[in-house]
Every structure is written in structure tokens, then in C-alpha cells.
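My notes are in the order in which I looked things up.

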Amino acid sequence: MRAQVYKIHSDFYYVKPLDTEGELIECKLREILKKQKIKIKTGDFVEVENNAIYNLLERKNTVDRPAVSNLDMVVVVSSLLEPEIDFIQLNRYLTFFKYHKIDVLLCFNKDDLMNEKELIEIKNIIKNIYEPLGYKIIFTSALYNDGLEKFFNLIKNKTIAFSGLSGVGKSSILNALTNGNIKTGNVSLKNKRGCHTTRHCEIIEFKGTKIIDTPGFSRLTFDFLLPKDLDILFDDIYHFAKNCKYQDCLHTNNDEDCNVIKNSDKINKERYESYLKFLQEAKEYKQKVTYESQKEEGTSKFFQEKTFAKISSKKRSYSRKKINQTTKNLHLKEIGEKDD
Ligand SMILES: Nc1nc2c(ncn2[C@@H]2O[C@H](COP(=O)(O)OP(=O)(O)O)[C@@H](O)[C@H]2O)c(=O)[nH]1
Ligand SMILES: [Mg+2]
Ligand SMILES: [Zn+2]
């Protein structure tokens, strides 16, 4: 039987059979999946037999932190004021989701806090940057129920999650959309009052839309890709980068011949600034990985020369394993902006 994972609590997986109306079924993992070190995430489609998951079906997309799969769309919420739009942070989300092949809906909330003139101005700025990049954009006020119908039409029958800095109105939008009819652990207004916050992901259904309640996409530092792999995630920069005559160009220097630099007046300033910032993170990541593996190698060579001891093949493979581990740890390192 095919099913989708709705939530996970320690060793228990709660799945819903596909194509049938049914309650969640409590399952365990088959040993074979554990042996293969396959991590099942909320949103995964799986095959189940006798209350045990024995196979993971192909994923449309997947994120490790939070552990979710198969998102049709992430709603990236910003507020126009209180707090003001943080364009670099916004670009960070967009780049991250593009890397993970997840569609984004851009939602700008609290439009009630601006007067008409300011609103027209900011809408133009936003549309000029993000419409050419292919993003759908909506403006809302959770407080006055503005734009929520349009919002709901865009997420109808999709599997979505919310993302955005704390205080921009994610919980308020969700509450307004559903008239407070669904309870979420992570996005709930309750959290503000200091109630228990779950750190789990869970699918909640509302009128055919599946909302994955997550603790937030919070570790969005670009410490998982190589510097040269960043430009392709910026459509506006890649448009010029792909014609850059330098093969390994990172488009940062003042070389007049870099096609990106030549056309920098056609790229939004914050977009390019974001690119440079993330590039720096990717460079630091690369440096650390290189340094850590060199250090490892250096130590074993030193050991070898000083003692003339023959390193057993076991030890060598251990050392190599350790290098991989170090790389992995760096990969998993927790830095980055806090999402809600
Ligand atoms: N003026 C105004 N305030 C809002 C709106 N949406 C949310 N807020 C307020 O912004 C604050 C943060 O909202 P909340 O939903 O908790 O944000 P979250 O942290 O993203 O979930 C709360 O005080 C809300 O009442 C809005 O559309 N307009
Ligand atoms: Mg909230
Ligand atoms: Zn270049």
C-alpha cells in the first residue's frame, strides 16, 4: 500500500494511505531501511505493509532541516513594515529554495501599515525585481483579511510550508485563512504566549491543501555548495554569467571583461550584494573543508615520518573516514539566520 508520511514521533511514523479516505496509521520502519540508513521524512511517499514502511518512493524535492519532502510550494512571507523587508534575507530564502527545487510564492504582509502612495512605490520596487525572476507575488493584510482569497487560490490543493522571519505574520495569515480552524504547533499564535513549541514537522490538511507545519527553515547559510555553483541559482546574474569568457569566474573582481561586471548596472543592487554575501559563505565553507582535510593528511604524514611506523590500512581508512566526517560536520554546522 502506498501512503504519505504525515508526522514522525521518535520511532513511530504516522502515514495516510493514498487514494483512500482514512485515518493515520501508526507504522515502524522495516530493518532494511534502517540498514540502508534511509531517513524517512514528513511528506515522503512510502510503501507500507503490516504497519511497517518498507520502501521510500521517489521524492520531488527534499530538505534536511527541517526534514520535509515533496513540497509543491513554500510561501516566503515578508512584512512591508514592522519589520521592514530584509531583501538580503529574502534572497537567501529564494536561493535556498531554488537550490532545493522548490517553488516559492512571495507574500508581502501588513500592507495596511502603508499609505497608498508608499504602497504603490514599494509594490513597483518588488515587482520590478521579482516578477522577471518568475515569482508569483501577493500582498496581504492578515489583520484586515486583504488578499487572502487570492492567497488561498494560489495554494489550493498544494502541499505548502511557510517560511519567513519571526514577526512577519505567518501565524496570523494561517489563522486568518482558516478562521482559526486549524491548530499548528510551530506556526501557532500560542507560541507567542510561551506555550510548548514542537520541533516536529507535521502535515495539516485544510480544504484540500496540505500545510506542513515546521519549526522553520532556519539554517540557510550557504555552507553546502561550491562558490562556482552559486551563480546559476541567481537567474538575473546567470543571465550574464553564462556568457562570461572566464571559465572559473566568480564575477566579483573589477575585471572589465567579466560579463557580469560589465552589465552590473542591469542587476538589482541587493541581488548582487546577496550573491556576494552567499559567495563568501561558500568560499569559507570550501576553505574549511580544504583546510580540515589537509590538516588530517598532514598529521598522518607527520606521524609516518617521525615514527617510521607503517600506517595500517585500517588506520588509513579510518583517517579517510574522519576526513569525510569532518566534511560532513562542517556541512551540518549550525549557523545562519533564525527563522521563526
Ligand atoms: N498591522 C498588521 N499587523 C500584523 C499583520 N499580520 C500580523 N500582524 C502582527 O504582527 C505580529 C507578528 O505576527 P505573527 O503572526 O505572530 O508573526 P510570525 O512570527 O511570522 O508568526 C503580531 O503582533 C500580529 O498581530 C498585518 O497584516 N497587519
Ligand atoms: Mg508564528
Ligand atoms: Zn565573470
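The entries below go from the whole chain to single residues.

**Entry 1: the whole chain**

I noted first that the model is predicted. I then looked up the secondary structure and found 9 helices and 13 strands. The chain has 340 residues, and 32% of them are buried. I also looked at contacts between residues at least 6 apart in sequence; 66% of these join residues at least 24 apart.

**Entry 2: the nonpolar cores**

Which residues touch the most other members of the largest nonpolar core? I found V74, V75, V76, V104 and C107, in a core of 49 residues. Domain 1 (2-58) and domain 2 (68-213) both contribute residues to this core, so the core lies between them. I wrote a general remark beside this: nonpolar side chains tend to be buried together in soluble globular proteins.

I picked V76 and listed its contacts, leaving out neighbours within four places in sequence. The list for V76 is L90, Y93, L94, V104, L106, C107, S163 and G164. Two of the names, V104 and C107, I had already written down as core members.

Another core lies apart from the largest one and has 14 residues. Its members include L230, I237, C244 and A282.

**Entry 3: helix 5**

Is helix 5 largely enclosed or largely open? I went through residues 170-177 and found that 6 of the 8 are buried, so helix 5 is largely enclosed by the rest of the structure. The buried ones are K170, S171, S172, I173, L174 and L177.

Just after helix 5 I came to N179, which has a positive phi of about 50°.

**Entry 4: a hairpin**

I next looked at strand 12 (residues 202-206) and strand 13 (residues 209-213). The two run antiparallel and are joined by 5 bridges. For one pairing I checked I204, and its bridge partner in strand 13 is I211. Strand 12 and strand 13 form a hairpin, with 2 residues between them. K207 sits in the turn, and its phi is positive, about 45°.

**Entry 5: cis peptide bonds**

I looked for cis peptide bonds and noted two places. One joins R65 and P66, with omega about 0°. P66 is in the loop between strand 6 (62-63) and strand 7 (68-69). The peptide bond from E82 to P83 is also cis, and omega there is near -5°. I placed P83 in the loop between strand 8 (73-79) and helix 2 (87-99).

**Entry 6: two lysines with positive phi**

K37 is not a glycine, yet its phi is positive, near 55°. I found K37 in the loop between helix 1 (31-35) and strand 4 (45-49). Is K37 buried or exposed? K37 counts as exposed, because it has 6 C-beta neighbours inside 10 Å.

I repeated the check for K101, where phi is positive and near 60°. K101 lies in the loop between helix 2 and strand 9 (104-109). I counted 11 C-beta neighbours inside 10 Å for K101, so this residue is exposed as well. The cut-off I used for exposed is 12 or fewer.

Terms used
Residues numbered from 1 in each chain as written. Chains lettered and ligands numbered in written order. Predicted model: local features only at pLDDT ≥ 70, side-chain atom pairs only at ≥ 80, totals over all residues. Pairing = 2+ DSSP bridges. Helix = DSSP H or I, 4+ residues; strand = E, 2+ residues; numbered from the N terminus. Core = buried A, V, L, I, M, F, W, Y, C linked by C-beta atoms within 7 Å. Buried ≥ 20, exposed ≤ 12 C-beta atoms within 10 Å, placed from the backbone. Domains from an automatic or database assignment. Contact = placed C-beta atoms within 7 Å.
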